[in-house]
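Me: I have a model open and want to go through its packing and contacts. Can we take it step by step?

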Amino acid sequence: MLSTQAIPQSWGRYPRVKPARVVPIYWRDQLPDLRTLPGPLLAYGYGRSYGDSCLNENGTVLVTSHLRRFLAFDEEQGLLRCEAGVSLAEVLDLIVPRGWFLPVSPGTKFVSVGGAIANDIHGKNHHKAGTFGCHVTRFELLRSNGERLACSPTENRELFEATIGGLGLTGLILWAEFRLKRIHNPYIDMERIRYDSLEEFMELCAESDEQYEYTVAWVDCLASGSKLGRGIFMRGNHNQSPDYARKPLPRKLPLAVPVDLPSFTLNTLTLKIFNTLYDHSQLQKRVFKVIPYEPFFYPLDSIHDWNRMYGPRGFFQYQCVVPYDQGYDVMKEILQRISRSGQGSFLAVLKKFGDVRSPGLLSFPRPGLTLALDFANQGPKTLRLFDELDALVRESGGALYPAKDARMHGEDFKRFFPRWQEFMRYVDPKFSSSFWRRMALVPSREQSATVEV
């Protein structure tokens, strides 16, 4: 029977499924006997995965968000050890005043450390620092047979590599240790550049790679013709001035979306209006500012429950990567298909992945261009567009991101992640997820083409 704990859901709020039971984990020395819990099992942190990789329909969900203790902090070496349920927000609150920063951060700080490892998160500095997994030095993994294994590049190395990007399928991470990045103050030297085409974006990427640690672009996914791919390119470095070390960070009250908005709120017309206004919100071609780190890294975290903007049917996020050698042409075709469809959203991000290799067997980032954007759930219409985009990604030798996925086809997953058979050797026999069962069953495209509306 389902406990009184809130029913876990993903950030995209699709699919809506229920586990059979929710088991909170409070203490590392008072762990439940996983051998006696009905399977399948899956850890769940804060539910910031967008699809079903964090869901476990009819299974047992192990809630780790109570494991929130810091265990050790070497302030000289920048080495932090904490329990797996600690959020990146809590890590930042501890380390930033002490002159340290996360080595890699996604677009939200409301992610658990365990989830950051399981999804091998990436950020605006992939071309410099690679993924989060590149900076993990050690963690403890609880297997369903009761074994507690220390994993590192030298201890249980195979499990270490399988767990990084392993979608929570190798067992329960109890604590982790990772290296931080030294900073002088909590401010970012940021430059925003309006650009008019995908070709100009490519030029800005090439120009920025060496001199800027962080690069990313907002792209108008509904623009077409000569303006296809237009947007605002943002690049930045950590500020090094001692003056800003003494400047307090401004405090802002967060906003919130208190209710689900009607499904018709986000449509082609409103999206075009928003994208046009945003593109013209910066009158100058280039603007330089020194800003606090939070609006640079986490602009949407200031709006709590922003996923409600997509209404009760939820939404999809589609994130793909395509290799450099075909990147421009394939990304141009992807943007053309999205523009013609009239779908997409105002949350479209385009950036470049570098060639820093992750230790994870199933890590998503690879050298190329990556596009991530949200789509309101419009049922078969949206799925048909995804199938078109999948074909372009597949033919280019690219991949889709499992942490953002709610409808990828199983045969494509195996193509995108060719080490999946090697990974299967390290999956805990009692751990699974709705995503993993969907991939293992390899449903036909016809069987997968129904979405609840």
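Me: Which residues of strand 17 are buried on one side, and which on the other?
Reply: This is a predicted model. In a regular strand, side chains alternate between the two faces of the sheet. On one side of strand 17, Phe 315, Gln 317, Gln 319 and Val 321 are buried.

Me: Is strand 17 largely enclosed or exposed?
Reply: Strand 17 spans residues 315-322. Eight of its eight residues are buried, so the rest of the structure leaves strand 17 largely enclosed.

Me: How many bridges join strand 17 to strand 19, and how many to strand 20?
Reply: Strand 19 covers residues 368-376 and runs antiparallel to strand 17. Gln 319 stands opposite Ala 372 there. Strand 20, residues 399-400, is also antiparallel to strand 17, with Val 321 opposite Ala 399. The counts are eight bridges to strand 19 and two to strand 20.

Me: How many residues apart are Phe 101 and Tyr 293?
Reply: Phe 101 sits in strand 6 and Tyr 293 in helix 8. Both are buried. The pair links distant parts of the chain, 192 residues apart.

Me: Why is the pair of Tyr 310 and Phe 315 stacked?
Reply: Both residues are buried. Their ring centres lie 4.4 Å apart. The planes are at 25 degrees, so the pair counts as stacked.

Me: Which ring does Arg 48 lie over, and which does Arg 81 lie over?
Reply: Arg 48 is 3.7 Å from the ring centre of Trp 11, over its face. For Arg 81 the distance is 4.6 Å, over the face of Trp 175. The rings are those of Trp 11 and Trp 175.

Me: Is Ser 358 buried or exposed?
Reply: Ser 358 lies in the loop between strand 18 and strand 19. Its relative accessibility is 13%, so Ser 358 counts as buried.

Me: Which side chain makes a polar contact with the side chain of Ser 358?
Reply: The Ser 358 side chain reaches the backbone nitrogen of Gly 360 at 3.0 Å. Residues that Ser 358 touches include Thr 131, Cys 134 and Ile 164. The side-chain polar contact, at 2.6 Å, is with Asp 120.

Methods: Residues numbered from 1 in each chain as written. Predicted model: local features only at pLDDT ≥ 70, side-chain atom pairs only at ≥ 80, totals over all residues. Heavy atoms only, no water. Buried < 20%, exposed > 50% of the residue type's maximum accessible area, 1.4 Å probe, protein only. Helix = DSSP H or I, 4+ residues; strand = E, 2+ residues; numbered from the N terminus. Pairing = 2+ DSSP bridges. Phe/Tyr/Trp six-rings, centres within 6.5 Å; stacked < 30°, edge-to-face > 60°. Lys NZ or Arg CZ within 6 Å of the ring centre and 35° of its normal. Polar contact = N/O pair within 3.5 Å; in protein donor to acceptor, adjacent residues only side chain to side chain. Contact = heavy atoms within 4.5 Å. Lists of a residue's contacts leave out its neighbours within four places in sequence.
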